[in-house]
Amino acid sequence: MNWDRSLLTDSGGFQMVSLLALAEINEQGVSFRSPHDGSQMLLTPEKSMELQNAIGADIMMQLDDVVHSLTEGPRVEEAMDRSIRWLDRCIKAHKRTDCQNLFAIIQGGLNESLRERCIAAMTERNMPGYAIGGLSGGESKDRFWRIVKLCCELLPKDKPRYLMGVGYALDLVVCVALGVDMFDCVFPTRTARFGHALVAGGQMQLKHKRYRQDLRPISDTCPCPTCKTCSRAYLHSLIGREAVACHLISIHNVAY
């Protein structure tokens with residue numbers, strides 16, 4: 001990739017939620033049916049480690065059993081317990097411990113006692129870092145922030161704490177205050193594909209005709225390359241016609 005900075009890879013576990021109708025989960029792993037040709041693929045903790053070891057990322061994630069954040073009942077506890085067992089299988093299968101860091105993923109849904117149990121078990125493994133998974137799926141901000149606060153209070157202070165799938169500006173500010181160190185989210189780039197630029201007031205919809213002759217940058221105070229070189233009018237002219245519009249707005253949104 002010729003990328004000389006840190007690289008993180010995920011395990012593939014999120015597809016248990018995003019492709020739930022095409023997946024079957026058991027103790028061995030998760031079996032996916034391709035949405036393209038119907039072929040079957042079995043993803044196990046061992047296979048996930050093999051793939052991530054081959055990629056060579058600096059940080060790689062355990063395969064966990066993921067359920068939607070609004071799920072309740074025994075399935076949440078089952079997924080949490082299985083994630084702990086799969087972590088042990090990932091640790092055993094991890095072949096490049098000298099140069100790749102395996103992070104555990106805390107599960108337990110919106111149930112505080114399950115989160116506490118999962119943290120207690122996973123921190124016993126003394127992993128290089130810990131992720132908070134299974135959130136930002138439609139739950140209220142109050143419940144979401146309560147779980148983040150609980151996890152950050154219980155996780156080691158000298159290890160990275162990574163909140164998965166979170167990237168809205170408000171959540172970044174609040175969760176950093178709660179103790180989170182790392183985030184990932186498709187939001188800045190996905191919203192750029194629709195011609196939406198992130199600004200202090202929310203989102204600037206650059207495909208709107210009001211920007212057709214607006215020669216100002218997205219933001220006068222933004223130091224990103226897009227704002228230094230591109231006007232709103234230029235970006236407006238590209239949206240829906242040239243893929244580079246997505247790239248240019250993505251650069252701004254990530255900078256924002």
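Six strands form an open sheet in the order β1-β5-β6-β7-β8-β9, with parallel pairing. β1 (8-9) and β9 (182-183) stand at the edges with a single partner strand each, so one side of each has no neighbour in the sheet. Strands pair here if DSSP finds at least two bridges between them. Strands (E, at least two residues) and helices (H or I, at least four) are DSSP runs, numbered from the N terminus.

This is a predicted model: local features need pLDDT of at least 70, side-chain atom pairs count only at pLDDT 80 or more, and totals for chains, interfaces and linings use all residues. Residues are numbered from 1 along each chain as its sequence is written, and side-chain values use heavy atoms, with hydrogens and water left out.

**Strand β7 and its partners**

- β6 (residues 101-106) and β7 run parallel and are joined by four bridges. Ala104 stands opposite Tyr130 in β7.
- β7 (residues 129-132) and β8 (residues 161-163) also run parallel, with three bridges. Ala131 stands opposite Tyr162 in β8, and Ile132 stands opposite Leu163 in β8.
- In a regular strand, side chains alternate between the two faces of the sheet.
- Both faces of β7 are covered: Gly129 and Ala131 on one side, and Tyr130 and Ile132 on the other, are all buried. Buried means under 20% relative accessible area, exposed over 50%, and partly exposed in between (1.4 Å probe, protein chains only).

**Crossovers**

- β6, helix α4 (residues 112-123) and β7 make a right-handed β-α-β unit.
- β7, helix α5 (residues 141-154) and β8 make a right-handed β-α-β unit.
- Right-handed means that, with the strands pointing away from the viewer, the path from the first strand over the helix to the second runs clockwise.

**The β3-β4 hairpin**

- Strands β3 (residues 30-33) and β4 (residues 40-43) run antiparallel, joined by four bridges. Arg33 stands opposite Gln40 in β4.
- Six residues lie between β3 and β4 in this hairpin, and Gly38 in the turn has a positive phi of about 80°.

**Helix α3**

- α3 (residues 74-93) has 20 residues, which should span 28 Å at 1.5 Å a residue; the end C-alpha atoms are 29 Å apart, which agrees. The expected span is 1.5 Å times one less than the number of residues.
- Buried residues of α3 include Val76, Met80, Ile84, Trp86 and Leu87. Arg82 and Ser83 are also buried.

**Pockets**

- A pocket is an open set of points on a 1 Å grid over the protein atoms alone, with protein on both sides within 12 Å along at least five of seven lines; lining residues have an atom within 4 Å of a point.
- The largest pocket has a volume of about 990 Å³. Of its 36 lining residues, Tyr162, Met164, Gly165, Asp184 and Cys185 are the closest to its centre.
- β1, β9 and α7 (187-193) each supply at least two residues of that lining. By class, the lining has 18 nonpolar, 13 polar and five charged residues.
- The second largest pocket has a volume of about 490 Å³. It is lined by 19 residues, with Gly167, Leu172, Pro188, Asn253 and Val254 nearest its centre.
- α6 (169-178), α7, β10 (196-199) and α10 (244-255) give two or more residues each to the lining of the second largest pocket.

Methods
1 Å grid on protein atoms, 1.4 Å probe; cavity = no way out; pocket = protein on both sides within 12 Å on 5 of 7 lines; lining within 4 Å. Points joined across faces, edges and corners; volume = space filled by probe spheres on them. Nonpolar A, V, L, I, M, F, W, Y, C, P; charged D, E, K, R; others polar.
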